[in-house]
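Please look over the model shown here.

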Amino acid sequence: MHTTSDDWLAHRGRWVNVTFLLRKGDAEYLVTLRDGRVQRIAPGPHVMPCWTFALVAGDDAWERFWAAEPQPRFHDLMAMVRFKALRIEGDMTVFMRNLLYFKALVKQLGGQIHAR
């Protein structure tokens, strides 16, 4: 049986049901996950958005993170936090409990967000 990386990612996050905000400079996206799969990506602006946690970085930081070969300090979400290129706001419990899942998911979301 052949599975795609999407199937693997969904399996890894099969218990993840959350809505989080991804802010890229002035643009913002509400990402809703159900059973580890992206159910919806809603571009902003949003009036009183409801989210559990937010990943906030500038355009340049996200572009570097989503590059084919990211530079040091932009190769990993936690590296970006460490070097103050990324802020995590709100309740980080779900994010930290599923850190490897979110690292892979946000890397994958780059292509979907660029397409918008």
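What follows is a short report on a predicted model.

**Strands and hairpins**

Start with strand β1, residues 18-24. β1 runs antiparallel to β2, and seven bridges join the two. One of the pairs is Thr19 with Thr32 in β2. The two strands form a hairpin with two residues between them. Gly25 sits in that turn, with a positive phi of about 65°.

β2 spans residues 27-34. How many of the eight residues in β2 are buried? Six are, so the strand is mostly covered. β2 also pairs with β3, again antiparallel, through six bridges. Here Leu30 stands opposite Ala42 in β3. β2 and β3 form a hairpin too, with two residues between them. Asp35 lies in the turn of this hairpin.

In a regular strand, side chains alternate between the two faces of the sheet.

Is Lys24 buried or exposed? Lys24 counts as buried because its relative accessibility is 13%, and the cut-off for buried is under 20%. The side chain of Lys24 makes a polar contact with the side chain of Glu63, at 3.0 Å.

Which residues other than glycine have a positive phi? Asp35 is one, with phi near 55°. Lys84 is another, at about 60°.

**A cis peptide bond**

Where is the cis peptide bond from Gly44 to a proline? It leads from Gly44 to Pro45, with omega near 5°. Pro45 is found in the loop between β3 and β4. β3 covers residues 37-43 and β4 covers residues 53-57.

**Points to check in the viewer**

- The hairpin turns: Gly25 between β1 and β2, and Asp35 between β2 and β3.
- The side-chain contact of Lys24 with Glu63, at 3.0 Å.
- The cis bond from Gly44 to Pro45.

How values were computed. Residues numbered from 1 in each chain as written. Predicted model: local features only at pLDDT ≥ 70, side-chain atom pairs only at ≥ 80, totals over all residues. Heavy atoms only, no water. Helix = DSSP H or I, 4+ residues; strand = E, 2+ residues; numbered from the N terminus. Buried < 20%, exposed > 50% of the residue type's maximum accessible area, 1.4 Å probe, protein only. Polar contact = N/O pair within 3.5 Å; in protein donor to acceptor, adjacent residues only side chain to side chain. Pairing = 2+ DSSP bridges.
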